[in-house]
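Please have a look at the model on the screen, and then we will go through it piece by piece.

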Amino acid sequence: MRTRECGWLAALSLASLSGCALDADWLVLLPGLSFGLGGLLLAVAGLALLVASRRQAGMIRRMRDFSDGVGVVLWKMDPASGRYLQVSRRAEALLGYPCEAWLAEDFWREHLHPEDREFACNLRATQLALGLNHEIEYRMVDAGGHEVAVRDTASVLRDQRGCITGLAGVLIDVSAHRALVQALDESESRFRKVMEQIPNIAVQGYDSERRVVFWNSASERVYGWSQQEALGKRLEDLIIPDAMREDVIELHRRWLEYGEAIPAGELALRTKGGATVPVFSCHVLTRNAHGTAEMYCLDVEMEDVKRTEAAWRESERRFQLMFAKAEVGLALRTLDGRLTQVNPKICSILGYPEDQLLCLDLAALTYPDDLPAELEAIAACLDGRQSSYSLEKRYVRHDGSTVWAQVTSSLIRDESGGATQFMTVVEDISQRKDREAQIAWLAHHDSLTDLPNRALLRDRLERSIARAQRRERRAALLVLDLDRFKTINDSLGHAVGDQLLQQVALRLRNAVRETDTVSRQGGDEFLIVLGEISDLEDIARIVQKILERMELPFELAGQSLSSSVSIGISVFPDDGADSDTLLKNADSAMYCAKEGGRNTFRFYAEAMNESALERLKMESALRLAIERDELTLHYQPQVELAGRSLLGVEALLRWNSATLGSVPPGRFIPVAEDSGLIVAIGQWVLAQACEQVRRWRKEGVGDICIAVNLSALQFRRSDIVATVRDAIEGSAIPAHLIELELTESLLMQNAEDVLRTMRELKALGVRLSIDDFGTGYSSLSYLKRFPVDRLKVDRSFVKDAAENPDDAAIVRAIIQLGKSLKLDVIAEGAETAAQIDFLTAEGCHSVQGYYFARPQPEREIRALLTLAAIPPAT
Ligand SMILES: Nc1nc2c(ncn2[C@@H]2O[C@H](COP(=O)(O)O[C@H]3[C@@H](O)[C@H](n4cnc5c(=O)[nH]c(N)nc54)O[C@@H]3COP(=O)(O)O)[C@@H](O)[C@H]2O)c(=O)[nH]1
């Protein structure tokens, strides 16, 4: 609480002194409103004088209304008892009591705040005793029990003799004002405290003469002057170096006079001890409570910053040095895998120049099989499950080779903890991997021959069994034992024996497919696993190939040595369902082979031996058939149905073997195809057919067209176009007298290649027909594209066509198809008159079959060739 004399109240007292009645007494109080209302109330004071002198009741009433309007309470009090005699209407709003309540004895005293009561009562009593006007700030308590801060301005009323007659005053509610002042005080003190205690910013305040008015503890530390020493001293005498002195004074002046702010910037200021201290200084010009200018300077010491910067530069320099010189590959990588920085070592590991490497990303550099594991590890880092990962992986180098690396990637985070990039350390571990691979190789291979050893073979055998089981195929295990190896070893020495084993290993490897496994078990014993076998005869053929290759002499130590093997064979699933059983059975089969005279093979199951042997015998005999002149061609007429005229003949191969007797084509053609002999045989057939055409023409029989069967293998493997061209040109016959029969199934495989070859053949001028038509799955669209002249209905449909409606429908459909595609249709296998009638009725163009003639040797068929109409066979 504070009291204040209100000097000019004396002037207002004139109004009362001049004998104002009660209302006029109020007027002396109005100046109490001057606090905060300034000039307005001076005008009011003048007005009061005027009113007092003129006693204008209306004007007084308006003044009372005015006091209510501005929110003040006018009161009159008995000085002796302290009881209000009168209060203005505003009193009700101030404390929430009706005006009458205020007039009660001791109202004022009782509604003073208990903490302020004594002080307010004493002060008023003292002032009254001295006869002084006075002003007191204290708190009252309203009807709701809340404190209300008031400023109470009281004037002493006197009569003409100067005796005190009463006390009148104004109560103003200053609660809001006080709260504001208090908040401002608190705020100011808070900020002052902050400014004083802020540790890193030296804050100084200077008045308009640049004398220190504020000097915080950081200023004491930075500049060495204590607050006590600094206060009142001038800026330029404290911290401004001499060289800057005049400039600073001038800058300050210009700020004050022209408002040109002193810019913030780095300065080198002076300490008490005369040392220079680098600071970053910014300045604020403000006005104090008295309205005078004050400049505040906020200086941040730069030494720390500079030290940190230097340390950072040093650390960066070291990092760059370490990065560049590191003996391991280093790379910085964005979170999505792009390389942003690489060191020379990683460039050399990956074989890329730096600029090219920086254009690549993780996926492009990683061996595809190893990428998923690394992406999984990256995801674990990015979703916070781990902060780094380490793995072994393969990179794809610039030249396409792969390099094994031990990779450790750590997530780098920024100050706020956000992941920014990966730092990757790459160590070339190719050598270690090679060593590991070498060790693994040695653990699973025979060091003499480099072939898989027993352990690896067992693994491969088990895999082959599993695969064969899944695909419902067979697998075979061959146990091979070199005949006479002991003799060679003992007589020529171990070195030669070793060489022999190495050459045997090589021959065995070359005799089987890549996917088969050849293994050495030690000594002169070898094992072979043949996987994915669909036909038992395939095994016999491979075995035969091995035997043949082993029979060829070995060049060892300057001499030619011959050797041979005995082979025992067991087959999955026929001879055993597991590797142990198959090994045991193949072994016992091998001993049977040895007992059987060596240089031979034996299946574990006897039945297999028979069929395989027969087939092998046939293959061996067939191999010699051409040179032994055992092959001949028979011819079967092809007859036009309408006029029964001869259209041509089909050449059909016959084999009369010196050892096997007459072998039907149905048996030897598949063996020829499987063994590849069909290529040479087919060539022979073609040449013979062309030669026959030439002879018939020469001998006057006529231009007889010969149809020749082309096997699929012949069509695909040999240069069939050249073969046909050579045969035709070699016998100088018109090409259209040769017709090539291609099976329907051949056309369906690699259709585009087949089509190209067919077009080339057609370009030679030969005729093309589709054999066995109806047994394959030709689509109409394919047929349209193939340049064929004739469809040959398979004899299986012709056989029952006259009786079986289904077969009849098929034959009918083929005939219609031929007509639609403008192709001749020949039905083969027509044996009966009923079949001939049916085919004639359906509009079939021609037939081939026993009805007219069986395939016969040239001399027997010759008579038919000149007939105008071919009669049925008798
Ligand atoms: N790649 C080559 N394949 C050839 C060659 N020579 C023959 N073959 C093919 O061998 C299969 C069997 O031939 P083959 O025993 O000669 O049988 C042919 C005819 O004898 C037989 N045929 C003819 N008419 C009748 C008959 O009325 N009834 C009946 N049961 N059989 C009859 O049809 C065979 C002709 O068939 P195709 O060649 O499909 O016209 C056989 O698939 C021949 O293709 C050759 O040199 N190369």
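Predicted model: local features only at pLDDT ≥ 70, side-chain atom pairs only at ≥ 80, totals over all residues.

Is T334 buried or exposed? T334 is buried, because its relative accessible area is 14%, where buried means under 20% relative accessible area, exposed means over 50%, and partly exposed is in between, with a 1.4 Å probe and protein chains only.

Residues are numbered from 1 along each chain as its sequence is written, and side-chain values use heavy atoms, with hydrogens and water left out.

Back to T334, which belongs to strand β11, residues 329-334; helices (H or I, at least four residues) and strands (E, at least two) are DSSP runs, numbered from the N terminus. The side chain of T334 is joined to that of D336 by a polar contact of 2.6 Å, and a polar contact is a pair of N or O atoms within 3.5 Å, where within protein one must be able to donate a hydrogen and the other to accept it, and residues adjacent in sequence count only if both atoms are side-chain atoms.

Let us turn to the ligand. There are 22 residues around the ligand, and E650, R795, E828, E831 and Y850 come nearest; a residue is near a molecule or strand if one of its heavy atoms lies within 4 Å of it. By class, this shell has eight nonpolar, five polar and nine charged residues, where Ala, Val, Leu, Ile, Met, Phe, Trp, Tyr, Cys and Pro count as nonpolar, Asp, Glu, Lys and Arg as charged, and the others, Gly among them, as polar.

Which elements supply the shell around the ligand? At least two residues each come from β24 (646-657), α27 (665-675) and β28 (767-773), and the largest share, four residues, is that of β24.

A nitrogen atom of the ligand is 2.5 Å from an N or O atom in the side chain of E831. Taken alone, the ligand exposes 810 Å², and the protein buries 83% of that; these areas come from the Shrake-Rupley method with a 1.4 Å probe, and for residues only the protein chains shown count as cover.

Now for some details of the backbone. F572 and P573 are joined by a cis peptide bond, with omega about 0°, and P573 lies in the loop between β21 (564-572) and α25 (579-595). E532, in strand β18 (residues 525-533), has a phi near 50°, a positive value in a residue other than glycine. K822 is not a glycine either, yet has a positive phi of about 60°, and its place is the loop between α35 (805-820) and β30 (824-828).

How do these two residues stand in accessibility? E532 counts as partly exposed because its relative accessibility is 22%, whereas K822 counts as exposed, at 74%.

Thank you, and I am happy to take questions.
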